[in-house]
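Please walk through the chain shown below.

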Amino acid sequence: MTQVEFIQTFNAFSAKEKLAIAKKIQLQMADVLFDELDAELPDMDISTAEIQEEIKAFRNAKKN
């Protein structure tokens, strides 16, 4: 099915059905996007203490 055919078929649905379809597509694409972004990030081990330090630094920067 081409994109044009898909859009034409999609447009045949009611607004409520379009919304349900769009939500399903959005969820599926969010998973794909997350996987793509995750693959780009380096694998790093970080301790709980390091996470806490980052949080404190962020909060302190926000206060100033």
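In which helix is isoleucine 21 found? Isoleucine 21 is found in helix H2, where helices are DSSP runs (H or I, at least four residues; strands are E, at least two) numbered from the N terminus. The model is a predicted one, in which local features need pLDDT of at least 70 and side-chain atom pairs count only at pLDDT 80 or more, while totals for chains, interfaces and linings use all residues. Residues are numbered from 1 along each chain as its sequence is written, and side-chain values use heavy atoms, with hydrogens and water left out.

Helix H2 covers residues 15-40. Isoleucine 21 has a relative accessible area of 23%, so it counts as partly exposed (buried is under 20%, exposed over 50%, partly exposed in between, with a 1.4 Å probe and protein chains only). Leaving aside neighbours within four places in sequence, isoleucine 21 is in contact with Phe10 and Phe13; contact means heavy atoms within 4.5 Å. Its C-alpha atom is separated by 26 Å from that of aspartate 38, 17 residues apart along the chain.

Glutamine 26 also lies in helix H2 and is exposed, because its relative accessible area is 57%. Between glutamine 26 and glutamine 52, 26 residues apart in sequence, the C-alpha to C-alpha distance is 33 Å. Alanine 39, another residue of helix H2, is exposed at a relative accessible area of 64%. The C-alpha atoms of alanine 39 and lysine 23 are separated by 24 Å, with the two residues 16 apart along the chain.

Next come the surface patches. Patches are made of residues with over 30% relative accessible area and no salt bridge, joining like charges within 9 Å and nonpolar side chains (Val, Leu, Ile, Met, Phe, Trp, Tyr) within 5 Å. A salt bridge is a side-chain nitrogen of Lys or Arg within 4 Å of a carboxyl oxygen of Asp or Glu.

Met1, Phe6, Ile7, Ile25, Met29 and Val32 make a nonpolar surface patch of about 580 Å². Helix H1 (3-11) and H2 are the elements that give two or more residues to this patch, and H2 gives the most, with 3 residues. Valine 32, placed in helix H2, is partly exposed because its relative accessible area is 37%.

A patch of negative charge on the surface gathers Asp31, Asp35, Glu36, Asp38, Glu40, Asp43 and Asp45; Asp and Glu count as negative, with the charge placed at CG of Asp or CD of Glu. Glutamate 36 is found in helix H2 and, at 47% relative accessibility, counts as partly exposed.

Conventions. Areas by Shrake-Rupley, 256 points an atom, 1.4 Å probe, with all protein chains shown as cover.
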